[in-house]
Amino acid sequence: MGIMYRSDCQHIESQHAGEVCVHLFDGKAEEFYRCFTGENKQYNLICPKCKTYLEKFQLSMKKVCLDCFDKIDSNGDFFNFIGEPSYDYSPDLYHFNYQEITVPALQHQYIMAMQPLLYTSGSQWIIFDGLGNLQLLDLSCNTIVLINQVSNDLIDKAGDIHIIVSNESDYVAIISRSRLMKDTKDWNKGVVLDLISGEITMLLSRGDYHTAVSEFPIAFFRDEERTLIIHATNWNRLDISDPATGIVISEREFNTRPTEAWRFNQNTMTEFSGRLSVSPNQQWLIDDGWQWGPVGCLSLFSISRWLNDNVWEADNGPSKSKLVMKNYFWGAPSCCLDGDTLCVWGQGTDEKNIIPAAVLFDINTREQIDWFPGPSRGLFVYDQLLYTTDENDNLSAWDLSNGNRVVLEKGFSPQLYHATSRQFLSYQGKGVFTLGQIEF
Ligand SMILES: [Zn+2]
Ligand SMILES: [Zn+2]
């Protein structure tokens, strides 16, 4: 225990939590700015009037304890950040090895989407090209095998193409999202293929209502011995299906739903689903959706409750709640560190005030645990360290125990990470790939 202070708020603390301007302190202002002190992520709170005097006069500030600081910080009306946070950089802790591979068979093909195949530690990847070919690329032995060809009437290649591969590498989904927002009549469509047989097993459609503004909600998960798929079947509806047959196993009749299962009451918070992800323990579905305002809304609920106890869980179940809401902002990357911790990009409350950061949440309590300034919006993957890419084509790695940047690889900007081979992949075009691997 250090020295005890008596703050201006008259509460005793072992250290001062921060400073707030006299107007916020006296409750004469509610709107405030977070003004970085230059020391890591520490900031003081000042009101708009004080902001106009910031460069001209010494502001009248009060030292307050953690509780009083948090009260003003969370109950007031946050406008924006002023200045920049800082973080420590400990270079040369890790070393990267690079390998460049040219695949002659891909020199004249346009790769529309690519994802790692995780069931082996080899460098295997699934590729969807501009001719509709779904292929298995093995960069360890430079081979490429055709899985199937998907016709244009099933996947419109004028849209944004994404592919999603199940963790067990038994299924792949290919999605095409409309780039147009014409009278809200855009569309999202897709197919699911069995990766062993190459057969198309399921067709996907999310309808045509405001589908261009969020990613197609789709995720595979493991239920004991089987792979299942969660996917949007309408603008406001998610379902679970068996990807082997396409049979819906979360069948429910919306006209006869019980009153507690209605959407849009206090707990649901998501009207339009977005990018889905499943926690590593297969327990939680994380939905990066939005609702009218518009307000971005990252929500989550229990997959096992939905599958085993309550068919309405995805709509308004007791396990469903919001984690983050941001005005006019959604679709930023996030990743799970483990079954209990979610890491979300961006600190702030509104499109206009979000700064680069990694924000950690406890999935069980739904509380923010901590945040670290610095990580850019780009690649955002966690494997002991958080790896991010930035607009200057650099790869960084961050130690989330203290927020320090521990890697800065200039000029290497991978698009993908293979979690079993632990390779970062950067595609240069014309069949040329760069693989990067960290040496611990
Ligand atoms: Zn003030
Ligand atoms: Zn206090």
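Two residues are in contact if their C-beta atoms, placed from the backbone, lie within 7 Å. This is a predicted model, in which local features need pLDDT of at least 70 and side-chain atom pairs count only at pLDDT 80 or more, while totals for chains, interfaces and linings use all residues. Residues are numbered from 1 along each chain as its sequence is written, and chains are lettered from A and ligands numbered from 1 in the order in which they are written.

Start with the domains. Select 5-82 for domain 1 and 95-439 for domain 2; such bounds come from an automatic or database domain assignment. Their centres, taken over C-alpha atoms, are 39 Å apart. Where they meet, five residues of domain 1 are in contact with six residues of domain 2. On the domain 1 side, three of these residues are nonpolar (Ala, Val, Leu, Ile, Met, Phe, Trp, Tyr, Cys or Pro), one is charged (Asp, Glu, Lys or Arg) and one is polar (the others, Gly among them).

The next stops concern the backbone. Most residues other than glycine have a negative phi, and most peptide bonds are trans.

Select G293 and P294: the peptide bond between them is cis, with omega about -5 degrees. P294 sits in the loop between strand 21 (284-291) and strand 22 (295-302); strands are DSSP runs (E, at least two residues), numbered from the N terminus.

Go to H210, in the loop between strand 16 (200-205) and strand 17 (218-223). Its phi is positive, about 50 degrees, although H210 is not a glycine. H210 has 17 other C-beta atoms within 10 Å, so it is partly exposed (between the limits of 12 or fewer for exposed and 20 or more for buried, with C-beta atoms placed from the backbone).

Finish at R366, in the loop between strand 26 (355-362) and strand 27 (368-373). Phi of R366 is also positive, near 65 degrees. R366 is partly exposed because it has 14 C-beta neighbours inside 10 Å.

Note on methods:
Helix = DSSP H or I, 4+ residues; strand = E, 2+ residues; numbered from the N terminus.
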